[in-house]
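The sequence and structure are shown first.

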Amino acid sequence: MISIRPLLAVAVPVLAALAVLLLNKRAKLRDVISPLAAIAMFAIVASMAPTVLAGGTVDLRLFEILPGIDFAFRVDALGMVFATVSSLLWIVASIYSIGYMRHLNEHAQTRFFACFAASLAAAAGGAFAANLFTLVIFYEVLSLVTYPLVYHHEDEEGWTGSRKYLVYLMGASKSVLLAALALTYNIAGSLDFVPGGLLAGVNASAPLLTVVYFCYLFGFAKAAVMPMHAWLPAAMVAPTPVSALLHAVAVVKMGVFCVLRVVFHVFGVGLVGGLGLGIATAYVVSFTILMASIYALTRDDLKARLAYSTVSQLSYIVLGAVLLSPIAMVGGIIHIAAHAFSKITLFFCAGSIYCASGKRNISDMAGIGRRLPWTMGAFFVGSLSMIGVPPAAGFISKWYLARGSVEAGETPFLIVLLISSVLNAAYFLPVSYAAFFGTEAQESPATVREIPMLTIPLVATAILSVAMGIFPDYFLALAERVVR
């Protein structure tokens with residue numbers, strides 16, 4: 001089906017960003033723009049779901065760049081997973097951001113909301129890209145428009161973190177990713193995504209294809225596969241709504257989404273398996289899963305612990321894809337949504353704790369659950385999902401990943417999943433235990449209380465996390481479409 005709707009999904013947040021800039025001096029009106037645009041964007045994305053679920057695609061070719069390279073959109077099942085998650089979570093994130101920025105009286109709010117909206121436009125463009133060229137364009141735009149969000153505080157820590165953010169992301173794309181694109185075009189004469197793989201059946205040597213594959217794996221540094229992960233904890237200097245955007249809604253999901261595109265539609269499952277790249281990648285990401293979890297255990301700063309948790313959880317998605325078992329691939333794809341709903345809840349909770357009490361370190365949060373019961377209750381729900389406890393969403397994706405490991409005959413990766421879940425419990429559950437059962441420091445009861453504009457969104461995302469665990473049918477249907 002040819003339709004303008006993919007372009008509209010990108011255009012709505014772009015127009016929202018422009019409107020925010022124009023309404024710089026009218027703060028109340030400016031703040032209304034983002035939630036309205038988020039609702040409109042989600043409605044456009046949702047309108048394409050019936051076509052995709054029925055096995056069709058929504059296409060729009062804009063113009064040709066070079067022979068075999070178009071700037072074009074194609075909405076398919078994999079893109080719909082990413083677009084549904086990002087557009088839905090933008091609604092709650094926009095409301096949360098307003099409450100957060102107002103409560104702390106943050107500076108440069110217009111720049112913040114404009115860049116936030118622009119980042120969702122880039123995410124939508126990447127989700128609906130019909131080829132590698134279009135995907136990489138939006139991938140790069142996402143890096144640029146989120147850079148001001150990372151250095152938002154404009155202090156020494158902010159500049160240091162934002163420099164590392166840009167060096168890792170732009171450095172990787174300007175070197176190995178660009179090389180991968182050039183080699184792919186030279187080998188295949190095209191950069192289009194093809195069911196079964198663009199490079200399947202091409203006349204190229206195994207060593208060359210292996211080099212191209214790993215250039216993509218590490219060139220898409222937003223996937224945070226070690227050692228291309230250090231930018232992610234460094235970016236925690238940003239305001240908490242930005243951290244939620246980086247870790248749950250747009251940035252890191254764009255990274256793993258790009259890797260899945262390469263596995264499924266550039267190389268194809270058959271070629272990845274034939275070259276032995278699946279198992280090799282599985283060992284690399286298994287190392288990332290375990291090491292990042294161990295790092296998380298050592299962090300007292302709550303956002304830093306969540307950051308390393310994200311590094312670990314992203315590699316679940318890649319692991320599911322490269323195990324090349326249909327069940328595991330479904331698990332990896334739906335973990336995009338499961339992780340997003342749960343991790344945004346956890347970051348929202350971290351921001352709520354900071355706004356209410358000024359506390360960042362876990363060691364200072366003893367007893368805070370009695371002052372912030374809704375916040376810490378939602379944190380507990382998000383933690384259970386990350387661990388993989390039913391009925392939260394994380395259980396569904398981990399169950400499919402575990403089954404897929406068995407189906408693939410790869411028991412070592414089943415063990416990795418089990419060890420990782422134990423580590424998840426080890427670094428998440430003590431936070432909730434201390435918050436509800438620890439002895440709090442002496443302070444006035446009036447100083448720490450729930451902030452409604454923060455509490456309502458974080459409770460909503462916690463409910464979404466559980467709802468997906470109970471009713472996973474939509475994301476399962478999309479994932480099964482991808483692996484057919």
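A salt bridge is here a side-chain nitrogen of Lys or Arg within 4 Å of a carboxyl oxygen of Asp or Glu. The structure is a predicted model, in which local features need pLDDT of at least 70, side-chain atom pairs count only at pLDDT 80 or more, and totals for chains, interfaces and linings use all residues. Residues are numbered from 1 along each chain as its sequence is written, and side-chain values use heavy atoms, with hydrogens and water left out.

**Salt bridges**

Side chains of opposite charge can pair when their charged atoms come close. By the criterion above, the structure holds six salt bridges.

Helices (H or I, at least four residues) and strands (E, at least two) are DSSP runs, numbered from the N terminus. Burial is stated by relative accessible area: under 20% is buried, over 50% exposed, and in between partly exposed (1.4 Å probe, protein chains only). Arg-111 is partly exposed at 23%, and Glu-154 is partly exposed at 37%. Salt bridges that share partners also join Arg-30, Asp-31 and Arg-102 into one network.

**Cysteines**

A disulfide is a pair of cysteine sulfur atoms within 2.5 Å, and by this rule the count is zero. For Cys-355, the nearest cysteine sulfur belongs to Cys-349 and is 12 Å away. Cys-355 is buried, with a relative accessible area of 9%; Cys-115 is buried as well, at 13%.

**Backbone features**

Two cis peptide bonds may be noted: Met-226 to Pro-227, with omega near 15 degrees, and Pro-390 to Pro-391, with omega near 5 degrees. Pro-227 is placed in the loop between H8 and helix H9 (231–234). Pro-391 occupies the loop between helix H16 (373–387) and helix H17 (393–407).

Positive phi values occur at non-glycine residues, including Asn-105, near 50 degrees, and Leu-324, near 65 degrees. Asn-105 belongs to the loop between helix H4 (77–103) and helix H5 (109–127) and is exposed at 65%. Leu-324 sits in the loop between helix H14 (302–322) and helix H15 (326–357) and is partly exposed at 21%.

**Cavities**

On a 1 Å grid over the protein atoms alone, a cavity is a set of points where a 1.4 Å probe fits but cannot get out, and its lining residues have an atom within 4 Å of a point. Grid points are joined across faces, edges and corners, and a volume is the space filled by probe spheres set on the points. The whole structure contains two cavities of 30 Å³ or more. The second largest cavity holds about 30 Å³ of space. Its lining consists of Tyr-213, Tyr-216, Leu-217, Val-259, Val-262 and Val-263, with helix H8 (206–219) and helix H11 (251–267) each supplying at least two residues.

Key
1 Å grid on protein atoms, 1.4 Å probe; cavity = no way out; pocket = protein on both sides within 12 Å on 5 of 7 lines; lining within 4 Å.
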